[in-house]
Amino acid sequence: MVRYEVVSLNEFKANSRIETNDEDEVLEALLSAAENMISRAIRREWCEVEADFCGIPPELRQAVLMLADHLYVNRGATSPVQHNIVPLGIREMILPYVIFG
């Protein structure tokens, strides 16, 4: 399955300060997951967003970057008690783009 590239792999790596190519396959999967999660949260396909706003709004791109980085840093459970919540600000970034109803 080809992912809709909201954020490129190189942008994600630069944002997350990842300098090697060792985990590119994992990073692509995390980007895809983050893009899908944000798309579901706003109840829109990325092609619809791009058409409605003449491109992907910067807040949604940043939300994808933040979520992908969160998924990268918190790839596995470290204890049964520790729960890592979604990074602060993502909800506020995507809220104006959510389709209600």
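Take V64 as a way in: setting aside neighbours within four places in sequence, V64 is in contact (heavy atoms within 4.5 Å) with V6, V7, L31, A34, E35, I38 and W46. Keep in mind that this is a predicted model, where local features need pLDDT of at least 70 and side-chain atom pairs count only at pLDDT 80 or more, while totals for chains, interfaces and linings use all residues. Residues are numbered from 1 along each chain as its sequence is written, and side-chain values use heavy atoms, with hydrogens and water left out.

V64 also belongs to the largest nonpolar core, a set of 27 residues in which F12, I38, W46, L60 and V64 have the most contacts. A nonpolar core here means buried Ala, Val, Leu, Ile, Met, Phe, Trp, Tyr and Cys residues joined through side-chain atoms within 4.5 Å. Two or more residues each come from α1 (9-15), α2 (24-42), α3 (46-53), α4 (58-73) and α5 (90-94), and α4 gives the largest share, with 8 residues. In soluble globular proteins, nonpolar side chains tend to be buried together.

As for the overall layout, the protein chain has 5 helices and 0 strands. Both are DSSP runs numbered from the N terminus: helices are H or I, at least four residues, and strands are E, at least two. Of the 101 residues, 39% count as buried.

Now for a helix pair. α2 and α4 pack at an angle of about 130 degrees, with their axes 8 Å apart. The axes are lines fitted to C-alpha atoms over the stretch in contact, and angles run from 0 to 180 degrees between N-to-C directions. That makes α2 oblique to α4, because angles under 35 degrees count as roughly parallel, over 145 as roughly antiparallel, 65 to 115 as roughly perpendicular and the rest as oblique. Residues making the contact include L31, A34 and I38 of α2 and L60, V64 and L67 of α4.

I56 sits in the loop between α3 and α4. Not counting residues up to four places away in sequence, I56 touches Y4, V6, W46, V49, E50 and R61. I56 and V7 are 49 residues apart in sequence, and 9.5 Å apart in space from C-alpha to C-alpha.

| Residue | Relative accessible area | Class |
|---|---|---|
| I56 | 16% | buried |
| C47 | 48% | partly exposed |
| C54 | 78% | exposed |

The disulfide count is 0, taking a disulfide as a pair of cysteine sulfur atoms within 2.5 Å.

Definitions and conventions
Buried means under 20% relative accessible area, exposed over 50%, partly exposed in between (1.4 Å probe, protein chains only).
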